[in-house]
Amino acid sequence: MTEPATRAYRICPFCEACCGLEIDVEPGAGVNLQRPRVVRIRGDRRDVFSNGFLCPKAIGLKELHDDPDRLRTPLIKRDGRFVEASWDEAWAEIERRLPPVIAAGGANAVATVLGNPTSHKMSLILYFPRLARALGTRNLYSASSVDQVPKMLSCGLMFGTWLSVPVPDIERSDFLLIIGANPMVSNGSLWTVPDFRGKAKALRARGGKIVVIDPRRTETADVADEHHFIRPGSDVYFLLGIAHALFDEQLVRLGRLAGHVAGFEQLEPAFAHFSPERVAERCAIDAAVIRGLARKLAATQRAAVYGRIGTCTQQFGTLASWLIDVINVLTGHLDEEGGAMFPKAAAFAANTRGAPGFGRGIVTGRYASRVSKAPEVSGELPLTCLAEEIETPGDGQIKALITIAANPVLSAPNGPRLARAMKGLDFMVSLDIYLNETSRHADVILPGPSPLEDAHYDVSFTQFSQRNHARYSPPVLARTPGQPDEWESLLRIGAIARGLGARVDVDALDDAALEEELRRSLGDAASEVTAITAALAPLRGADRLLDLGLRSGPYGDQFGRNPGGLTLAAVKAAPSGIDLGPMTARIPEALRTPSGRIELAPPALMNDLARARSDLAALPPDLVIIGRRQLRSNNSWMHNLPALAKGPFRCTALVHPVDARRLGLVDGAMAAITNGARRIEAQVEVSAEMMPGVVSLPHGWGHDLAGVRLNVAVERPGANLNALLDENLRDPLSGNAVLSGVPVRMAPM
């Protein structure tokens with residue numbers, strides 16, 4: 001008799017929407033000792049956050065788990081070829097080769113790179129700081145510096161912490177102005193909002209309006225009331241034009257925030273040069289449209305401006321990110337229902353810890369990259385500096401690299417240079433589930449468990465969620481015997497780097513680190529440290545840190561001082577999550593600036609306006625390139641899942657019909673796209689959804705490199721947009737890569 005399927009619940013790990021899933025698992029049975037298998041995935045209708053919504057990516061979770069290309073055992077490179085190895089052999093190889101690099105070159109001889117999937121792995125995001133401390137290196141890199149650091153920097157300067165990012169309160173809003181973002185595809189980005197389509201439809205049904213500003217008529221523009229093309233890289237001028245119009249037409253309304261801002265009096269003179277009439281030609285949007293949008297924002301009681309990757313990945317990324325929040329303040333929509341509000345995460349949010357209001361704020365530039373002198377931001381250096389730091393001899397040269405769920409050879413500008421640089425490393429370790437374009441250069445690959453074998457809590461995305469909640473996913477399937485948790489792997493690598501050896505007692509290390517962290521936060525209260533560690537037992541690893549974060553968080557039980565408050569046990573007991581309510585006003589409570597106020601005019605940003613002014617009259621290039629989000633391929637590894645890879649070929653170069661005729665391009669034919677000496681070949685798709693003078697190619701393709709084990713992805717490898725881009729082109733304030741508005745040439749083949 002066949003046993004019935006059991007039901008499990010899991011937060012989807014494929015994008016920032018973080019939808020709740022209901023998963024049916026058929027138990028293993030029979031003479032072949034079959035393992036349990038997933039037989040159905042659907043949206044969890046009782047999920048307190050996503051309410052049953054899911055997108056096509058969710059079905060790929062089963063394929064990811066079953067993918068024959070997914071690594072299940074460590075690999076060690078022997079004589080140029082990867083061979084399977086035991087975990088003990090892998091640790092021994094790391095112990096043999098990593099410490100000598102550190103001994104010869106010091107701590108900075110080692111670098112780390114974090115990829116986006118790290119955010120969907122509780123173990124990795126909670127324990128990477130411990131690995132970083134153990135290594136002691138300044139060479140920390142991540143995907144953040146190719147898509148979001150400008151927003152982190154502007155919010156840090158304005159509000160006092162890196163992740164105090166206001167997000168639209170879409171369920172109570174009546175007007176959304178969306179710039180350089182495509183939430184219909186992303187379901188939010190630095191804005192966790194599952195089922196954007198449904199929420200946008202409800203907004204319009206109650207008489208609200210959505211306006212999209214984008215060089216492409218995106219999927220979001222298709223469900224909006226208006227769409228206006230904008231010249232790529234000119235968002236700063238459009239936003240400055242709105243800000244100028246608010247002052248010029250006496251539309252500024254600070255409201256409740258009037259007593260909580262600093263630097264307001266500096267704004268009007270700073271914006272004086274950027275009237276809508278002056279910026280219109282530069283951004284290719286009529287002055288009347290700019291003024292009309294300023295009036296609409298000012299006149300609508302519940303409204304918000306939201307911008308994302310398009311506003312970050314340009315030469316004025318930090319200025320554009322700052323201006324979005326400045327406009328929300330000037331129109332009275334920051335920290336108000338229906339406007340841009342601050343989520344209140346249940347755990348790990350810096351703006352819920354310590355005394356509210358006054359804080360230390362943020363500091364940047366504590367050190368700089370060795371070669372380009374790019375400043376440190378949020379403890380990281382720009383990923384675009386990595387290749388030169390490996391290639392350039394001298395004190396501090398990177399000789400060893402640890403990549404964690406990262407594929408920068410595809411995801412960073414000028415990946416070919418980075419790939420060549422990796423060949424010169426003395427040692428490289430990749431924590432990855434695939435042998436991909438980056439991990440092929442590693443000497444040791446350590447595979448993590450499948451998401452279905454892993455416990456999870458959204459440490460990152462609850463900080464950007466449009467409704468406050470707490471959800472926990474226990475493992476759905478048992479992992480392979482001997483497979484360590486990823487927090488254990490990070491601690492063991494750190495121990496090896498410190499000279500403690502591969503056979504170190506990881507549990508003892510974890511206990512000591514927890515006690516040290518508690519003593520650092522509690523001072524000399526030894527009895528309290530003892531009581532907290534006892535209360536957290538018998539939990540281990542990431543679960544223990546999560547319980548600490550929840551219990552000491554704003555909704556927590558405070559270890560008995562707030563009976564009925566959150567604990568990990570309480571969240572585990574609610575498979576579909578705990579609803580913590582809509583966003584509420586949080587200023588001044590959420591602020592952590594030294595002044596205790598919203599800093600509207602940070603000096604670094606005010607000074608950078610001079611750069612924008614000098615570039616205002618720049619002539620537009622003949623043709624520029626931008627990226628493109630796609631629902632089924634948010635990350636490069638999704639191209640290896642048949643359910644997500646099937647259908648029409650998606651790595652096409654979209655060009656406007658006018659440009660196609662002008663350049664002799666034919667729909668469906670191949671074209672060469674060049675940027676100086678850099679060259680790729682892509683399939684042309686002629687489309688009126690593009691702004692004339694702009695070509696769009698999606699990000700994360702280019703699976704035609706030797707040595708990868710991605711048998712589905714290589715069938716239709718696509719073209720690597722990032723191979724065209726200049727790694728030396730960065731927003732000077734944040735160090736973020738410039739990916740948008742880069743001049744290119746295009747010709748038929």
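Hi everyone, this is a short walk through a few spots in one protein structure. Please keep in mind that the model is predicted.

Let's begin with helix α8, which covers residues 235-248. How far apart are the end C-alpha atoms of α8? They are 20 Å apart, and this agrees with the 20 Å that its 14 residues should span at 1.5 Å a residue. After α8 comes Q250, with a positive phi near 55 degrees.

That brings me to backbone angles. As a general point, most residues other than glycine have a negative phi, and most peptide bonds are trans. Here are some places to look at with that in mind. D335 has a positive phi, near 65 degrees, and sits in the loop between α13 and β14. K373 also has a positive phi, of about 60 degrees, and is not a glycine; look for K373 in the loop between β15 and α14. Are these two buried or exposed? D335 has a relative accessible area of 0%, so it counts as buried. K373, at 57%, is exposed.

Next, the peptide bonds. A537 and P538 are joined by a cis bond, with omega at about 5 degrees. You will find P538 in the loop between α19 and α20. Another cis bond runs from I587 to P588, and its omega is near 15 degrees. P588 belongs to the loop between β22 and β23.

Now please turn to T313, in the loop between α12 and α13. Its relative accessibility is 3%, which is under 20%, so T313 counts as buried. What does the side chain of T313 reach? It comes to 2.8 Å from the backbone oxygen of I309. Leaving aside residues up to four places away in sequence, T313 touches V146 and D147, and also N736, A737, V738, L739 and S740.

My last stop is the second largest pocket, with a volume of about 400 Å³. Its lining has 24 residues, and V185, E219, R629, Q630 and L631 lie nearest its centre. Which elements give two or more residues to that lining? They are the helices α5, α6 and α7, together with the strand β26. By class, the lining of this pocket holds eleven charged, nine nonpolar and four polar residues.

Technical notes. Residues numbered from 1 in each chain as written. Predicted model: local features only at pLDDT ≥ 70, side-chain atom pairs only at ≥ 80, totals over all residues. Heavy atoms only, no water. Helix = DSSP H or I, 4+ residues; strand = E, 2+ residues; numbered from the N terminus. Buried < 20%, exposed > 50% of the residue type's maximum accessible area, 1.4 Å probe, protein only. Polar contact = N/O pair within 3.5 Å; in protein donor to acceptor, adjacent residues only side chain to side chain. Contact = heavy atoms within 4.5 Å. Expected span 1.5 Å × (residues − 1). 1 Å grid on protein atoms, 1.4 Å probe; cavity = no way out; pocket = protein on both sides within 12 Å on 5 of 7 lines; lining within 4 Å. Points joined across faces, edges and corners; volume = space filled by probe spheres on them. Nonpolar A, V, L, I, M, F, W, Y, C, P; charged D, E, K, R; others polar.
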